[in-house]
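Biologist: I would like to go through this model with you. Where shall we begin?

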Amino acid sequence: MAEKALLTVRGLKKDYRLTRGWMGRRIDVVKAVDGLDLDVAEGETFGVVGESGCGKSTLGRCLLRLEEPSSGSILYRGQDLLRYDAKALRSLRREMQIVFQDPYSSLDPRQTVGRIIAEPFMVHQPLEGDKLRPRLEELISLVGLLPEHLSRYPHEFSGGQRQRICIARALALHPKLIIADEPISALDVSIQAQILNLLVDLGRRFSLTYIFISHDLRVVRHFCDRMAVMYLGRIVELAPTPEIYGHAMHHYTRALLDAVPVVNPNLRKERAPLEGDVPSPITPPSGCTFHPRCHARQEVCAGKAPVLSELEPGHWVACYFPKTAGVQRI
């Protein structure tokens, strides 16, 4: 996969145990992330897409150990994060930050913006008063807000401004990796482009590596260098973004691309057939979890899950009967 990887993930799993029935005697297991492998190169923007409930956000939280993975390995600069205790992990958290989906719930309403942005310094890198204030003003200016906004509270800002505050907080300690968990999905359409442009500018200025989690394929197309498509906790296709949009091989990926609205009626094409709904993650189908909805399924698909294989240079697909030719669809 990616060369000179900043982040290397192998066999990552996250299971949630659910108790049901009388006195909680029945135990169900939800495989939110099911044996996932990926590499993220330093300086690239890596997209993760899929339907709601496919495990995108759980993956992002596991990578930072906000959720503890059930098994697997997460190597950051060659260091296995799962072997670190809380104290040792704190030193690496300065280099890894997250921007959450909802800017309304990710900011403490009882604290001023200045205190919110200053919190990383209080935890990781104490600064004296005469040095802290200029740094806070620098951060708030980087995201397009004014120094006088530091004394205000989150409820005094719009959704887009709140997300800018979240980005400023994430930048406080000069991180190398930022996980953006659907950072624009809760914002007005008119504001989404502004936040995306801000992320692009900051990424170039500070040589940031992004893992961009989204369900909006049009955004991922213009923002990400490579992308992975997830379905029920597994990656079904991984490739450079132009390859996915020009030559998608997995039938699920092609169905996602066909579902993107096209404004020009002359460019609309017949959609690939997609049957049924997403299965329950508590009782996923055997073999390829997508096979009950796939029009190209064969008997082998229900037997054993296909392995993610490199069918073309840099293009990985988990499918027994992949599409070998594609067309530009968006």
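Predicted model: local features only at pLDDT ≥ 70, side-chain atom pairs only at ≥ 80, totals over all residues.

Modeller: Residues are numbered from 1 along each chain as its sequence is written, and side-chain values use heavy atoms, with hydrogens and water left out.

Biologist: How many aromatic pairs are there?
Modeller: Rings of Phe, Tyr and Trp (its six-membered ring) pair if their centres lie within 6.5 Å. Planes under 30 degrees apart count as stacked, over 60 as edge-to-face and the rest as tilted. By this rule the count is 5 aromatic pairs.

Biologist: Which class does the pair Phe212 and Phe223 fall in?
Modeller: A pair of aromatic rings is described by the distance of the centres and the angle of the planes. Here the centres of Phe212 and Phe223 are 4.7 Å apart. Their planes meet at 55°, so the pair is tilted.

Biologist: How many residues apart in sequence are the parts that this pair ties together?
Modeller: Helices (H or I, at least four residues) and strands (E, at least two) are DSSP runs, numbered from the N terminus. Phe212 lies in strand β8 (residues 209-213) and Phe223 in helix α7 (residues 217-223). The pair therefore ties together parts that are 11 residues apart in sequence.

Biologist: Is Phe212 buried or exposed?
Modeller: Buried means under 20% relative accessible area, exposed over 50%, partly exposed in between (1.4 Å probe, protein chains only). Phe212 has 1% relative accessibility. So Phe212 counts as buried.

Biologist: How far is the charged end of Arg221 from the ring centre of Tyr245?
Modeller: A charge sits over a ring if NZ of Lys or CZ of Arg is within 6 Å of the ring centre and within 35 degrees of the ring normal. Lys14 lies over the face of Tyr16, at 5.0 Å from the ring centre. The charged end of Arg221 sits over the ring of Tyr245, and its distance from the centre is 5.5 Å.

Biologist: Which residues does Ile244 touch?
Modeller: Ile244 is in helix α8 (residues 241-246). Its relative accessible area is 0%, so Ile244 is buried. Contact means heavy atoms within 4.5 Å. Not counting residues up to four places away in sequence, Ile244 touches Met227, Glu237, Ala239, Thr253, Leu257 and His315.

Biologist: What is the phi of Arg65?
Modeller: Most residues other than glycine have a negative phi, and most peptide bonds are trans. Arg65 is in the loop between α1 and β4 (71-76). At 13% relative accessibility, Arg65 counts as buried. Its phi is positive although it is not a glycine, at about 60°.

Biologist: Is Ser207 buried or exposed?
Modeller: Ser207 is in the loop between α6 (189-206) and β8. Phi of Ser207 is near 55°, also a positive value in a residue other than glycine. With a relative accessible area of 52%, Ser207 is exposed.

Biologist: How many of the residues of helix α1 are buried?
Modeller: Helix α1 spans residues 56-63 and is mostly covered. Among its buried residues are Leu59 and Cys62.
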